[in-house]
Amino acid sequence: YTDKKIVDLVSVHGGLFSALKAQFEPILNTLKGFRIGDQGCAYKRLIIGGHGFGGGLAILFGYEMIRQGWLTTETLERTPVSIVTFGAPPVMACSYDCAIQ
């Protein structure tokens with residue numbers, strides 16, 4: 001086992017992740033503008049969803065929010081987040097080190 005965080009031991013689909021990275025910051029900034037995850041947020045829940053390619057992007061968006069530290073136990077207590085997909089391709093794989101944790 002290395003000192004890496006578990007989220008850094010995950011392999012992701014390179015093409016879909018590249019597509020996500022191009023839009024991640026603008027989407028995250030929109031969510032921050034709605035105060036998603038902040039105390040006093042007017043929204044009761046955030047649902048991220050997609051079908052097919054969009055489902056793969058939704059999964060990776062959730063992963064990236066966790067990886068960057070934006071989606072935490074605290075933010076989930078304030079604003080629950082769900083990811084719902086239909087027909088999403090496999091986009092992630094856990095390395096052996098991650099699997100034995």
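Helices are DSSP runs of at least four residues, numbered from the N terminus. Helix H3 covers residues 73-78, and in it Arg-78 and Glu-74 are four residues apart, so about one helical turn separates them. The side chains of these two residues meet in a salt bridge, at 3.7 Å from N to O. This is a predicted model. The points below cover its core, its helices and its salt bridges.

**The nonpolar core**

- In soluble globular proteins, nonpolar side chains tend to be buried together.
- Here the largest nonpolar core has 19 residues.
- Leu-31, Phe-61, Met-65 and Trp-70 have the most contacts inside this core.
- Helix H1 (14-33), strand S2 (46-51) and helix H2 (53-67) each supply at least two of the core residues.
- H1 gives the largest share, six residues.
- Leu-31 is in contact with Ile-36, Leu-46, Phe-61, Met-65 and Trp-70, leaving aside its neighbours within four places in sequence.

**Helix H1**

- H1 has 20 residues, which should span 28 Å at 1.5 Å a residue; its end C-alpha atoms are 29 Å apart, which agrees.
- The helix bends by about 45 degrees at Gln-23. A proline, Pro-26, follows within four residues.
- Its buried residues are Leu-16, Phe-17, Leu-20, Phe-24, Leu-28 and Leu-31.
- These buried residues pack against strand S1 (10-12), S2 and H2.
- Lys-32 also sits in H1. Its relative accessibility is 40%, so Lys-32 counts as partly exposed.
- Lys-32 and Trp-70 are 38 residues apart in sequence, yet their C-alpha atoms are 9.9 Å apart in space.
- After H1 comes Arg-35, with a positive phi near 65 degrees.

**Helix H2**

- H2 has 15 residues. From first C-alpha to last it reaches 21 Å, close to the 21 Å expected at 1.5 Å a residue.
- Buried residues of H2 include three glycines: Gly-55, Gly-56 and Gly-62.
- Also buried in H2 are Ala-58, Leu-60, Phe-61, Tyr-63, Glu-64 and Met-65.
- The buried residues of H2 pack against S1, H1, S2, strand S3 (81-86) and strand S4 (92-94).
- After H2 comes Gly-69, with a positive phi near 80 degrees.

**Salt bridges**

- The count comes to four salt bridges.
- One of them joins the side chains of Lys-21 and Glu-64, at 3.3 Å from N to O. This pair links distant parts of the chain: Lys-21 is in H1, Glu-64 is in H2, and they are 43 residues apart.
- Are Lys-21 and Glu-64 buried or partly exposed? Lys-21 has a relative accessible area of 38%, so it is partly exposed. Glu-64 has a relative accessibility of 0%, so it counts as buried.
- Lys-21, Glu-64 and Arg-67 are linked in a network of salt bridges.
- Arg-35, the residue that follows H1, meets Asp-38 in a salt bridge between side chains, at 4.0 Å from N to O.
- Arg-35 is partly exposed, at 40% relative accessible area. Asp-38 is partly exposed too, at 35%.

Methods:
Residues numbered from 1 in each chain as written. Predicted model: local features only at pLDDT ≥ 70, side-chain atom pairs only at ≥ 80, totals over all residues. Heavy atoms only, no water. Core = buried A, V, L, I, M, F, W, Y, C linked by side-chain atoms within 4.5 Å. Buried < 20%, exposed > 50% of the residue type's maximum accessible area, 1.4 Å probe, protein only. Contact = heavy atoms within 4.5 Å. Expected span 1.5 Å × (residues − 1). Bend = angle between axes of the 7 residues up to and from the residue.
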